[in-house]
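Here is a short tour of one multi-chain model, written for someone who likes to know the cut-offs behind each value. Have a look at the structure, then read on.

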Protein chains: 14
Amino acid sequence: MDSMTLIAVASISTAGLTIAVGSIGPALGEGKAVSTALSSLAQQPDAAATITRTLFVGLAMIESIAIYCFVISMILIFANPFWNHAIAQTTGK
Amino acid sequence: MDSMTLIAVASISTAGLTIAVGSIGPALGEGKAVSTALSSLAQQPDAAATITRTLFVGLAMIESIAIYCFVISMILIFANPFWNHAIAQTTGK
Amino acid sequence: MDSMTLIAVASISTAGLTIAVGSIGPALGEGKAVSTALSSLAQQPDAAATITRTLFVGLAMIESIAIYCFVISMILIFANPFWNHAIAQTTGK
Amino acid sequence: MDSMTLIAVASISTAGLTIAVGSIGPALGEGKAVSTALSSLAQQPDAAATITRTLFVGLAMIESIAIYCFVISMILIFANPFWNHAIAQTTGK
Amino acid sequence: MDSMTLIAVASISTAGLTIAVGSIGPALGEGKAVSTALSSLAQQPDAAATITRTLFVGLAMIESIAIYCFVISMILIFANPFWNHAIAQTTGK
Amino acid sequence: MDSMTLIAVASISTAGLTIAVGSIGPALGEGKAVSTALSSLAQQPDAAATITRTLFVGLAMIESIAIYCFVISMILIFANPFWNHAIAQTTGK
Amino acid sequence: MDSMTLIAVASISTAGLTIAVGSIGPALGEGKAVSTALSSLAQQPDAAATITRTLFVGLAMIESIAIYCFVISMILIFANPFWNHAIAQTTGK
Amino acid sequence: MDSMTLIAVASISTAGLTIAVGSIGPALGEGKAVSTALSSLAQQPDAAATITRTLFVGLAMIESIAIYCFVISMILIFANPFWNHAIAQTTGK
Amino acid sequence: MDSMTLIAVASISTAGLTIAVGSIGPALGEGKAVSTALSSLAQQPDAAATITRTLFVGLAMIESIAIYCFVISMILIFANPFWNHAIAQTTGK
Amino acid sequence: MDSMTLIAVASISTAGLTIAVGSIGPALGEGKAVSTALSSLAQQPDAAATITRTLFVGLAMIESIAIYCFVISMILIFANPFWNHAIAQTTGK
Amino acid sequence: MDSMTLIAVASISTAGLTIAVGSIGPALGEGKAVSTALSSLAQQPDAAATITRTLFVGLAMIESIAIYCFVISMILIFANPFWNHAIAQTTGK
Amino acid sequence: MDSMTLIAVASISTAGLTIAVGSIGPALGEGKAVSTALSSLAQQPDAAATITRTLFVGLAMIESIAIYCFVISMILIFANPFWNHAIAQTTGK
Amino acid sequence: MDSMTLIAVASISTAGLTIAVGSIGPALGEGKAVSTALSSLAQQPDAAATITRTLFVGLAMIESIAIYCFVISMILIFANPFWNHAIAQTTGK
Amino acid sequence: MDSMTLIAVASISTAGLTIAVGSIGPALGEGKAVSTALSSLAQQPDAAATITRTLFVGLAMIESIAIYCFVISMILIFANPFWNHAIAQTTGK
């Protein structure tokens with residue numbers, strides 16, 4: 001059962017680290033985008049429609065990068081092909 | 001019982017580190033967003049409605065990244081599939 | 001008793017590190033938010049009501065991230081499912 | 001089965017780290033691009049068409065770098081030639 | 001007595017590191033808040049009441065994060081459940 | 001089979017790290033370039049043709065650096081001469 | 001006597017590191033606060049009373065964080081419960 | 001065959017790291033150069049010829065540094081004298 | 001005599017590192033405070049009395065943090081309770 | 001053959017790291033130089049001759065530092081005296 | 001003689017690192033203080049007496065922090081109580 | 001032959017690292033110097049003679065620091081006294 | 001002779017690192033001081049006497065910190081009491 | 001001969017690292033000094049004599065710090081007392 005434990009430990013650690021490290025960039029990027037949006041709104045309230053639309057498109061693209069990390073993290077926990085293969089092998093043995 | 005201990009140790013350490021590291025980015029990003037919102041309010045009090053609405057949407061998106069980390073952290077502690085599998089195996093043995 | 005010691009050591013170290021590392025981001029973010037609030041108040045004393053209200057909402061959201069870390073830290077010390085399982089196993093043995 | 005475990009562990013860890021580290025640069029870069037786009041829109045609302053078109057081209061190129069990381073990460077999990085070779089060798093053995 | 005020593009060493013090291021690392025963020029955050037308060041007071045002496053009140057609320061919230069670290073640190077030294085359990089086990093043995 | 005495993009592990013880890021680390025510089029560089037292009041467009045809409053042409057030449061050169069990393073990463077996974085040599089040697093043995 | 005040595009070594013190292021690392025944040029924070037106080041005094045000498053009073057309150061709060069570190073450091077050297085327990089056990093043995 | 005494996009592992013890791021680390025500097029440098037070129041174009045459209053010519057000379061020199069890294073990386077993978085010597089020795093043996 | 005050596009080595013290393021690391025923050029903080037004091041004096045020579053008085057109070061508080069480090073460092077060298085206990089035990093043995 | 005392998009591994013790793021690390025400084029330095037040249041050209045198009053001449057002299061000197069790294073890297077791969085000595089010794093043996 | 005060697009090695013390393021690391025903060029702090037003094041002198045030559053007096057007091061306090069490091073460093077080399085104790089013990093043995 | 005290998009490995013690694021690390025400072029310093037020279041030329045074309053003369057003297061002094069690193073690097077590869085001594089000893093043996 | 005070798009190795013490494021690390025702070029500090037002196041001279045040529053006198057006093061104090069490091073470094077190489085003691089003991093043996 | 005090899009390896013590594021690390025500070029410091037000198041010359045060409053004289057004195061003092069590192073580096077390679085002692089002991093043996 002040793003090799004399964006190793007795979008489990010690696011999956012757990014990597015899943016956590018992936019979303020943890022992967023949250024730094026998108027969070028800072030979104031913070032910057034939102035903050036400029038707010039100061040732009042204060043400077044030019046008439047362009048609010050264009051600004052918020054562009055902001056939401058930008059946030060969506062940055063959020064997508066965080067989603068990539070979340071997806072990889074979830075795959076490693078709930079749909080890990082290496083873990084499934086190991087279980088299959090142990091069961092079929 | 002060795003392999004269960006290893007999984008437990010890895011889960012504990014990863015759960016803590018995930019939320020700890022994962023809090024840096026969102027907290028700084030929200031701090032930046034809130035701070036610009038405040039200076040925008042001081043500069044253009046008339047646009048308060050638009051500014052606070054945009055701020056809350058932005059905060060929600062940044063907070064969602066912190067929530068991802070919190071969710072992974074909670075899953076690792078309370079709904080860890082690797083740990084459940086190990087318990088099942090120990091019990092059924 | 002070796003595996004229990006390992007879990008205890010991991011829980012202690014992680015609990016401390018989680019709140020320690022997790023305090024950096026929120027503290028800096030709140031410092032930034034409060035500091036901009038103060039300079040906005042000095043610039044536009046008439047908008048004090050809106051500014052302080054927005055500030056408190058913002059602080060609450062940033063503080064919530066620190067609370068996540070504190071909660072995980074407390075769970076690891078006082079309601080650690082891995083530790084409880086280990087004690088149960090040792091007692092029932 | 002030892003060598004398969006090693007390959008699995010390396011693939012899991014690398015897949016996570018690749019997308020995690022690889023998300024920092026694109027997220028910050030897109031944040032910067034979006035944020036300047038917003039302040040440019042506020043400054044020159046008449047050039048909105050040119051600005052948003054240039055922004056989307058730029059975002060696409062930056063996003064492509066994040067996609068490279070995601071692709072490598074996915075290949076390592078679901079189409080890993082080293083893993084396939086190891087399975088083939090184990091099966092055919 | 002080995003496992004007790006390990007728990008003691010981990011508790012000592014973690015208690016110190018928790019408050020040490022946990023002091024960086026709040027101290028810098030409070031320094032920033034106080035410093036802006038002072039320059040705001042110099043700029044708008046008439047708003048002194050609002051500024052100092054907002055400053056104290058802000059400082060209280062930032063200080064609370066340092067308090068979390070201090071509390072965890074104290075719990076690890078004086079009310080450590082893992083240590084108590086180990087002593088109980090040694091005594092009852 | 002030990003030496004093949006080592007080569008496989010090294011190839012997997014290096015392939016991931018190469019594109020991960022190699023994405024930081026180009027992504028930040030492109031973000032900076034795109035962002036200045038946008039503020040230049042807002043400042044001088046008449047020069048849009050020259051600006052976007054220069055921007056695309058610049059992006060192409062920066063992207064080429066990211067492509068180098070991606071190429072090395074792909075070579076290490078799908079056309080690794082060391083791996084091929086090892087397979088040839090194992091087969092011919 | 002081995003376990004006592006380990007506890008002593010851990011206490012010594014942690015006590016020093018706690019106050020060393022814990023001095024960075026407060027010292028920088030106080031430096032920032034004092035420096036803004038001075039430039040505020042030069043800008044608005046008439047508000048000297050309010051400024052110095054606010055400065056001292058702020059310094060007291062920042063200093064309190066350094067005091068936390070010093071207290072933990074002193075407790076670890078002169079009132080260490082783990083060390084006392086170890087001595088008691090050695091003596092009573 | 002052990003020494004060949006070691007050389008292969010070292011070559012693989014170094015080849016990847018060389019281009020990965022070596023891409024940071026040139027990418028940031030080119031980003032800076034392109035970005036200033038764009039703002040210069042917006043500021044002085046009449047000097048477009050001189051600016052773009054100087055930009056391309058500069059980009060060429062910076063790109064040459066990235067090329068050095070790519071060349072070393074390629075040499076280590078496809079024309080590695082140490083690897084060739086090892087193969088020659090193994091074959092001739 | 002092994003355990004005494006370990007305690008001595010730990011005390012020596014910690015004493016040095018404590019004052020070394022602990023000197024960074026206060027020195028930078030004092031440098032900032034002094035430097036602002038000088039530029040404030042140049043800007044408002046009439047407020048010299050208030051400025052230098054506030055400067056000395058601030059320097060005293062920052063210096064106190066360096067003193068904490070120095071005190072801990074000296075205690076570890078000349079009044080180390082763990083070392084005294086070890087000597088007492090060796091002598092009384 | 002062990003000592004030859006060690007020398008080969010050290011040469012490979014060092015050759016790659018030398019040019020990789022050594023490319024950061026020159027690339028950033030040249031980026032800065034080129035970027036200022038461009039903004040100077042935009043500001044004073046009449047001095048183009050002097051500016052581009054000075055720029056090329058400066059780029060040549062900075063590039064020379066990158067060349068030093070490339071030369072050392074090449075020497076380590078193709079004209080390594082330690083490797084030659086080892087081969088001579090193995091052959092002559 | 002082993003334990004004496006260990007103490008000697010620790011003392012040598014710590015003495016060097018203490019003054020090396022301990023020189024960074026004071027040197028930067030003094031550089032900042034001197035540099036502001038010079039620009040203040042250029043701005044307000046009439047206040048030269050007050051400025052240089054305040055500068056020397058400030059430099060003295062910053063230098064005192066460097067002196068602390070130098071003193072600890074010298075004590076560790078020439079008046080090390082742990083080393084003296086070890087020699088005494090070796091001689092008296 | 002083991003000790004010779006160790007000396008060779010140390011020489012190779014150090015030679016590469018010396019010039020690699022040693023290129024960062026001079027390259028950045030020269031980049032800064034050249035860049036200011038260019039903006040000074042654009043600002044005051046009449047002082048071109050004095051500026052370029054001072055620039056070349058300054059570049060020469062900064063380049064000399066890079067030369068020191070290159071010299072040490074070359075000495076370690078081609079005129080290493082420790083290596084020569086080892087060869088002499090091996091030959092004379 | 002083992003313990004002497006250890007002391008020699010520690011002395012060599014520490015002597016080099018002390019002056020290497022210890023040169024960073026003073027060099028940057030002096031660079032800052034000299035650079036402000038030059039811009040002050042350009043701004044107020046009439047105060048040249050006061051400025052250069054204050055500059056030399058400041059440089060002397062910063063240089064003194066570098067001298068401390070150099071002295072410790074020299075003591076460790078040429079007047080190392082631990083090394084002298086070891087030689088004395090070896091000779092007298 | 002083992003202890004001589006160790007001393008040789010330590011001397012080689014330290015000599016290279018000393019000048020490599022020790023070149024960062026002085027190179028950056030000189031770059032800053034030269035760059036300000038150039039912009040001062042452009043601003044006040046009449047003060048060229050005073051500025052270049054002060055610049056050369058400043059460069060000399062900063063260069064002296066780099067020279068310290070170079071001297072230590074050379075001493076470790078060509079006049080190393082520990083190495084000489086080891087040779088003397090080996091020869092006299």
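Let's begin with the largest pocket: by class, its lining has five nonpolar, three polar and five charged residues. Here Ala, Val, Leu, Ile, Met, Phe, Trp, Tyr, Cys and Pro count as nonpolar, Asp, Glu, Lys and Arg as charged, and the others, Gly among them, as polar.

This is a predicted model, in which local features need pLDDT of at least 70 and side-chain atom pairs count only at pLDDT 80 or more, while totals for chains, interfaces and linings use all residues. Residues are numbered from 1 along each chain as its sequence is written, chains are lettered from A and ligands numbered from 1 in the order in which they are written, and side-chain values use heavy atoms, with hydrogens and water left out.

**The largest pocket**

The space in this pocket is about 230 Å³. A pocket is an open set of points on a 1 Å grid over the protein atoms alone, where a 1.4 Å probe fits, with protein on both sides within 12 Å along at least five of seven lines; lining residues have an atom within 4 Å of a point. The volume is the space filled by probe spheres set on the points, which are joined across faces, edges and corners. Of the 13 lining residues, D:Leu28, D:Gly29, D:Lys32, F:Leu28 and F:Lys32 lie nearest the centre. Helix H2 (24–43) of chain A, of chain D, of chain F and of chain H each supply at least two residues of the lining. Helices are DSSP runs (H or I, at least four residues), numbered from the N terminus.

**Two interfaces**

Contact means heavy atoms within 4.5 Å. Buried area is the accessible area (1.4 Å probe) that two parts lose on being put together, summed over both. A salt bridge puts a side-chain nitrogen of Lys or Arg within 4 Å of a carboxyl oxygen of Asp or Glu. A polar contact is a pair of N or O atoms within 3.5 Å; within protein, one must be able to donate a hydrogen and the other to accept it, and residues adjacent in sequence count only if both atoms are side-chain atoms.

| Chains | Residues in contact | Buried area | Share on carbon and sulfur |
|---|---|---|---|
| H and J | 42 of chain H, 47 of chain J | about 3700 Å² | 81% |
| K and I | 41 of chain K, 45 of chain I | about 3700 Å² | 81% |

K:Ile65, K:Tyr68 and K:Phe82 supply 19% of the area that chain K buries against chain I, more than any other three residues. Between chain K and chain I there are zero salt bridges and seven residue pairs in polar contact (both at pLDDT 80 or more). H3(K) gives the most to this side of chain K, with 16 residues.

For chain H and chain J, the rule finds zero salt bridges, and six residue pairs are in polar contact (both at pLDDT 80 or more). H3(H) brings the largest share of the side of chain H that touches chain J, 16 residues. That side has 23 nonpolar, 18 polar and one charged residues.
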